[in-house]
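This briefing concerns the open spaces in a protein model and the residues that line them. Please consult the sequence and structure shown here.

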Amino acid sequence: MPLVGITRRIKGARKAEIERVVSRLVRAKQACIVVRGQREKVVSAEARVLSPAEMTRLRKVAEGLAGLFKMIERKGEARTVLRDDLAALLADDLAALLDGSANRGPERAAPGSQSSSATAVAPRQLVELALRRLEDPKLKIVRIPELVRSLDGKLSVAEVHHALSEAADGGAIELQPDAGSEFLPTEDAVLCPTGPRDTVFSCARLLSP
């Protein structure tokens with residue numbers, strides 16, 4: 001549940017009262033506050049979130065990337081990095097953080113049945129299966145916010161976006177901007193991938209049979 005506008009979703013309670021309840025649930029390890037895009041949400045303690053140790057590891061990854069970009073963005077000619085060097089920098093950490101068995105709720109692992117089912121199939125396959133399941137029979141498209149929400153608990157927003165990008169690059173799908181994307185609700189817009197010139201891709205269409 002998004003924290004922004006939470007008083008509109010829970011009737012009869014003041015914001016301060018709701019915040020106190022949320023704090024008690026988090027301290028009791030019955031809920032977690034997570035950051036998704038530019039918003040905070042309250043999720044169940046059983047959600048696939050990073051543990052405190054994994055958050056520390058993620059921070060170190062971010063610090064390593066920040067140091068790399070500090071070197072890249074020095075004055076002078078444009079600089080880049082070798083793909084092998086980037087793989088070496090990220091491989092072990094990302095593999096550990098994205099591994100289903102390492103995705104935990106606070107102080108405990110998520111139920112094994114959920115994590116094993118989510119990791120038995122590659123993210124791109126999960127996304128393409130969901131696209132086929134959600135495809136509009138007439139328009140032959142899927143709204144990406146709907147797709148992301150359907151995979152909540154199985155894939156992160158970033159994983160869905162990466163899988164969509166891979167599928168689009170491989171010619172399996174087509175990403176389409178919404179004609180009225182500037183009017184997308186914020187909670188939908190943050191779930192959509194962006195392209196050149198900050199184009200918001202809000203729909204996907206399967207090209208392969």
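In this predicted model, the lining of the largest pocket comprises 24 nonpolar, 7 polar and 10 charged residues. The second largest pocket has a lining of 4 nonpolar, no polar and 6 charged residues.

**Largest pocket**

- The largest pocket holds about 1,500 Å³ of space.
- Its lining consists of 41 residues, and those nearest the centre of the largest pocket are V35, R48, V49, L50 and S156.
- Two or more lining residues of the largest pocket come from each of the strands β1 (31-36) and β2 (39-44) and the helices α3 (52-72), α4 (83-98), α6 (123-134) and α8 (157-169).

**Second largest pocket**

- About 200 Å³ of space is found in the second largest pocket.
- The second largest pocket is lined by 10 residues, with R36, K41, R149, E187 and L191 closest to its centre.
- Strand β2 and helix α7 (144-150) are the elements that each supply two or more residues to the lining of the second largest pocket.
- Strand β2 also gives two or more residues to the lining of the largest pocket.

**Helix α6**

- Helix α6 is among the elements that contribute two or more residues to the lining of the largest pocket.
- From its first C-alpha to its last, the 12 residues of α6 reach 16 Å, close to the 16 Å expected at 1.5 Å a residue.
- The buried residues of α6 are L126, V127, E128, A130 and L131.

Note on methods
Residues are numbered from 1 along each chain as its sequence is written. This is a predicted model: local features need pLDDT of at least 70, side-chain atom pairs count only at pLDDT 80 or more; totals for chains, interfaces and linings use all residues. Side-chain values use heavy atoms; hydrogens and water are left out. On a 1 Å grid over the protein atoms alone, a cavity is a set of points where a 1.4 Å probe fits but cannot get out, and a pocket is an open set with protein on both sides within 12 Å along at least five of seven lines; lining residues have an atom within 4 Å of a point. Grid points are joined across faces, edges and corners, and a volume is the space filled by probe spheres set on the points. Helices (H or I, at least four residues) and strands (E, at least two) are DSSP runs, numbered from the N terminus. Ala, Val, Leu, Ile, Met, Phe, Trp, Tyr, Cys and Pro count as nonpolar, Asp, Glu, Lys and Arg as charged, and the others, Gly among them, as polar. The expected span of a helix is 1.5 Å times one less than its number of residues. Buried means under 20% relative accessible area, exposed over 50%, partly exposed in between (1.4 Å probe, protein chains only).
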